[in-house]
Number of protein chains: 2
Amino acid sequence: MSSVHPDVYKLQAKIADLTCYDLLPFKEGAHRETREFLQKIVDILLDYIELCYDRNEHVLEYHSPDKLKELFNMVVPHDGMTLQHLITDCATVLKYGVKTGHPHFMNQLSCGLDIISMAGEWLTATANCNMFTYEISPVFIIMEHQVLKRMRRIIGWHSGDSIMSPGGTISNLYSVIVARYKMFPDYKVQGQKALPGELVIFTTDQGHYSMKMAAMICGLGTSNCIYVKSDKRGKMIPSELERHILEEKAKGKYPIMVNGTAGTTVLGAFDPINDLADICEKYGLWLHIDGAWGGSMVLSHKHRTTRLQGIERANSITWNPHKLMGVILQCSTFHVRESGLLEHCNRMTAEYLFMTDKFYDTHYDTGDRVIQCGRHNDIFKLWFSWRARGEAGFEARVDRFMELAQYQVKRIKEMPDKFYLLMEPEYVNVCFWYIPQRFRHMPHSPEKEEELARLCPIIKERMMKAGTLMVGYQRDGKVPNFFRSIISQDAITEKDIDFMLHEIDRLGYDL
Amino acid sequence: MSSVHPDVYKLQAKIADLTCYDLLPFKEGAHRETREFLQKIVDILLDYIELCYDRNEHVLEYHSPDKLKELFNMVVPHDGMTLQHLITDCATVLKYGVKTGHPHFMNQLSCGLDIISMAGEWLTATANCNMFTYEISPVFIIMEHQVLKRMRRIIGWHSGDSIMSPGGTISNLYSVIVARYKMFPDYKVQGQKALPGELVIFTTDQGHYSMKMAAMICGLGTSNCIYVKSDKRGKMIPSELERHILEEKAKGKYPIMVNGTAGTTVLGAFDPINDLADICEKYGLWLHIDGAWGGSMVLSHKHRTTRLQGIERANSITWNPHKLMGVILQCSTFHVRESGLLEHCNRMTAEYLFMTDKFYDTHYDTGDRVIQCGRHNDIFKLWFSWRARGEAGFEARVDRFMELAQYQVKRIKEMPDKFYLLMEPEYVNVCFWYIPQRFRHMPHSPEKEEELARLCPIIKERMMKAGTLMVGYQRDGKVPNFFRSIISQDAITEKDIDFMLHEIDRLGYDL
């Protein structure tokens with residue numbers, strides 16, 4: 001429960017009953033009123049930021065959808081509301097929201113409230129620039145160019161092109177579009193008649209569903225997204241991949257692409273990139289690495305060789321700074337090793353919008369490389385965070401999270417009666433079962449797993465209603481529900497991990 | 001040129017040399033330092049907002065890409081920078097940017113700096129919620145549900161589903177995916193083998209290139225996006241549409257969808273929706289309306305009947321609040337009339353992420369309706385703007401812009417020696433040629449148009465270098481370059497329109 005009641009935030013009486021039409025730009029000279037209104041919102045946000053990091057505060061105040069609608073009338077009105085009403089709205093929205101920046105929010109791959117990139121996003125909103133062209137967004141276009149080039153260099157490439165997209169699923173969609181174009185360039189114009197037969201792509205049974213989604217969107221059909229078996233740790237089995245490729249070819253289908261996942265959603269597993277690259281080279285397939293989650297590991301000298309060995313052999317890579325790098329949502333990048341391909345593939349020659357008779361060098365204009373037209377400015381917050389931390393800071397962040405995950409593993413192992421570790425994690429996803437008191441005498445078995453799995457939604461319900469913690473539960477196809485905690489924010493320390501384990505025990509002990 | 005020099009913004013000496021690691025959450029208790037840093041950024045933004053609306057300020061300070069890189073070293077560092085450096089960065093970024101909120105920026109369909117939705121976006125960044133589920137974003141998910149329902153109601157629908165997407169091009173992509181699924185549901189799983197032959201879609205030669213892009217992405221091939229001829233005003237000719245449908249059918253192809261544009265990018269033309277709907281009904285085709293730009297006209301009782309008559313007969317609609325409604329980027333909506341279709345089409349049964357064994361009613365969770373996984377929170381800024389203005393406020397805004405466009409037309413006609421109106425506008429795009437002195441004796445002709453067109457890039461160059469005005473020039477396939485000004489922000493008044501025309505004359509007079 002937020003300790004600040006929404007009614008605390010009061011505008012001065014003189015302006016409380018004004019409306020947006022009494023502010024700039026409607027009312028010339030209304031500088032004082034505009035500033036006071038915006039400053040009051042900033043005060044609410046600054047207070048909220050402190051609450052977010054306050055371990056005495058709850059992570060959320062849960063209400064059911066119906067109850068929430070009753071507590072907070074969100075209906076959009078016919079006539080506008082007063083400035084005071086808008087201020088109260090802001091405080092109310094934050095009161096009933098989930099504090100994703102709280103140190104006890106370990107629920108998603110994107111957690112945390114990075115102060116610097118948040119400030120960057122405030123500036124982005126105020127600049128309100130569309131990322132079409134150098135003409136409209138000179139600074140941001142150059143920034144995007146430089147940061148993406150640096151990211152490619154970190155990957156290990158001296159060539160290539162990159163683009164920012166609205167999320168990992170769209171970035172992964174790009175990979176199928178580019179891989180298809182590389183193999184069948186006439187497809188772009190002619191469609192299916194340019195194809196010799198059905199195209200297929202491969203990913204593991206642990207891969208993100210965005211590959212299946214891309215197969216649907218691109219017209220391959222979801223059945224042509226082949227799920228390759230993973231091993232016990234969730235890593236693709238290379239011999240299984242090769243078997244599937246041969247099998248599909250034997251059916252007369254045309255394999256075009258293999259997606260290797262660097263950091264799976266649930267287990268945090270890394271596919272063996274070099275083995276995949278060897279197979280792709282052997283059969284002439286495009287190798288995409290979905291590093292939306294685990295790509296940031298490339299920043300760590302300590303861990304990249306064990307997790308991402310061979311990543312520079314990929315043809316394309318998805319890498320989301322809004323996950324492990326802590327950048328505010330949305331911030332996803334897509335990189336292609338071969339220069340020029342992205343543009344050839346996506347150019348629609350929309351000369352009426354992206355004129356080439358401009359007086360400046362138009363090669364910075366991104367319009368012809370992307371499948372969007374207008375694009376949100378996602379670069380500034382990443383650039384700003386990079387200026388603040390430097391590459392060294394990002395590296396230290398990755399290494400620290402890996403340490404914390406290992407601390408959690410150690411703690412779990414120290415309490416074998418209460419917790420059961422699903423597997424040694426490769427990343428910051430720690431997967432485990434909680435064992436309530438009455439199951440503690442039972443030896444671990446698939447039957448016991450079923451029992452423990454059945455309790456996950458109940459513990460989660462208690463967790464959300466208590467409001468003290470957010471940790472997700474999931475299943476992975478091989479085993480039923482288990483808890484998966486994520487360490488991807490700077491606020492978390494060892495004591496928060498101890499809190500998490502203790503709190504799950506407190507909530508689930510009697511089940 | 002911004003009148004505030006970046007070096008003006010100084011942190012107190014005590015914290016200037018600190019880094020982000022001296023702030024929350026790294027340093028417990030660093031409330032004062034964190035607040036002072038963020039407040040300084042807010043001060044920069046508040047000053048910038050005032051400059052944006054100041055007609056004595058320039059719209060931009062233009063530099064070439066090379067010069068800009070020289071003036072502002074944007075390189076991302078190995079080690080982090082001080083807080084003072086970050087503060088100076090923010091001021092510098094704004095100094096060299098384009099003030100898209102300036103009353104003399106009439107360059108894009110998305111112009112303006114709406115104070116309310118900007119404040120909304122600040123809150124969005126601080127809340128940093130991913131729009132997966134009610135669990136993570138309870139308030140925002142309910143808000144999205146309610147606002148989108150209201151938008152469908154305004155369209156004239158009592159059923160259906162909607163979703164927010166990262167932009168009009170992605171919204172239009174949804175339309176092809178859904179139309180294809182409706183006609184060939186097995187395509188989703190089986191791909192092209194479920195099709196009897198090649199699919200085709202139709203749009204006008206004035207339509208946005210996103211339809212061609214969707215044809216490429218979805219695997220139809222760009223040649224299966226058929227461009228139907230438009231009339232002199234840029235509106236689709238229904239008889240031409242019917243002719244093309246019959247022609248494609250005769251070739252053995254399968255028409256699936258017609259895209260009618262409500263507000264074309266260049267001319268602001270509206271296709272005759274009722275005629276298109278009649279033809280779609282006759283041939284069993286999906287009717288999509290790309291109202292990314294002109295969809296907001298549905299808010300005006302005065303104009304919707306003449307421009308959008310029949311819009312409720314569409315099967316799907318794209319409508320971007322980040323354009324005429326003035327909401328900060330990005331904010332695009334996609335609506336489908338038939339309930340449930342969006343979910344059937346896009347569901348990948350990713351149960352491992354969108355669990356159905358949750359304790360709350362999961363029907364609010366949006367994961368199964370969208371082609372993204374995580375989504376940026378684009379609803380809050382729209383909702384917040386709606387609370388501030390109400391529907392009545394949005395309606396007044398649309399009507400006011402239409403009046404201003406008519407004022408511009410009147411002024412252009414009053415100066416026939418200096419300006420030539422391309423056509424009577426249907427919307428707020430006003431298209432015209434400027435006539436420098438030495439051409440004023442010549443009667444208007446296609447040859448003269450070629451001459452005037454040749455001068456557009458030169459005038460635009462002078463405009464950007466002077467920094468006083470931003471108005472775009474474009475061509476439309478029938479005629480060469482001309483100027484197209486856009487009225488889509490609250491700051492613009494009659495005197496700004498007078499300024500625009502006067503300034504173009506000042507810049508181009510001697511050419």
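1. Contact here means heavy atoms within 4.5 Å. By that rule, 160 residues of chain B are in contact with 160 residues of chain A. This is a predicted model: local features need pLDDT of at least 70, side-chain atom pairs count only at pLDDT 80 or more, and totals for chains, interfaces and linings use all residues. Residues are numbered from 1 along each chain, and side-chain values use heavy atoms, without hydrogens and water.

2. The two chains bury about 14700 Å² between them (accessible area, 1.4 Å probe, lost on being put together and summed over both). Of that area, 63% is on carbon and sulfur atoms.

3. Chain B and chain A share 10 salt bridges (side-chain nitrogen of Lys or Arg within 4 Å of a carboxyl oxygen of Asp or Glu). One of them pairs B:Arg35 with A:Asp47, with the closest N and O atoms 2.4 Å apart. On the side of chain B that touches chain A, the largest share, 14 residues, comes from helix 2 (residues 31-52) of chain B. Helices are DSSP runs of H or I, at least four residues; strands are runs of E, at least two.

4. That side of chain B divides into 90 nonpolar, 42 polar and 28 charged residues. Gly counts as polar; Asp, Glu, Lys and Arg count as charged.

5. A:Lys323 carries the UniProt annotation "modified residue: N6-(pyridoxal phosphate)lysine", from an unreviewed entry. Such annotations may be inferred rather than shown by experiment. A:Lys323 sits in the loop between strand 7 (316-319) and strand 8 (332-336) of chain A.

6. Is A:Lys323 buried or exposed? A:Lys323 counts as buried because its relative accessibility is 15%, and buried means under 20% (1.4 Å probe, protein chains only). Not counting residues up to four places away in sequence, A:Lys323 touches A:Leu109, A:Ala292, A:Trp293 and A:Arg397.

How values were computed
Chains are lettered from A and ligands numbered from 1 in the order in which they are written. Buried means under 20% relative accessible area, exposed over 50%, partly exposed in between (1.4 Å probe, protein chains only).
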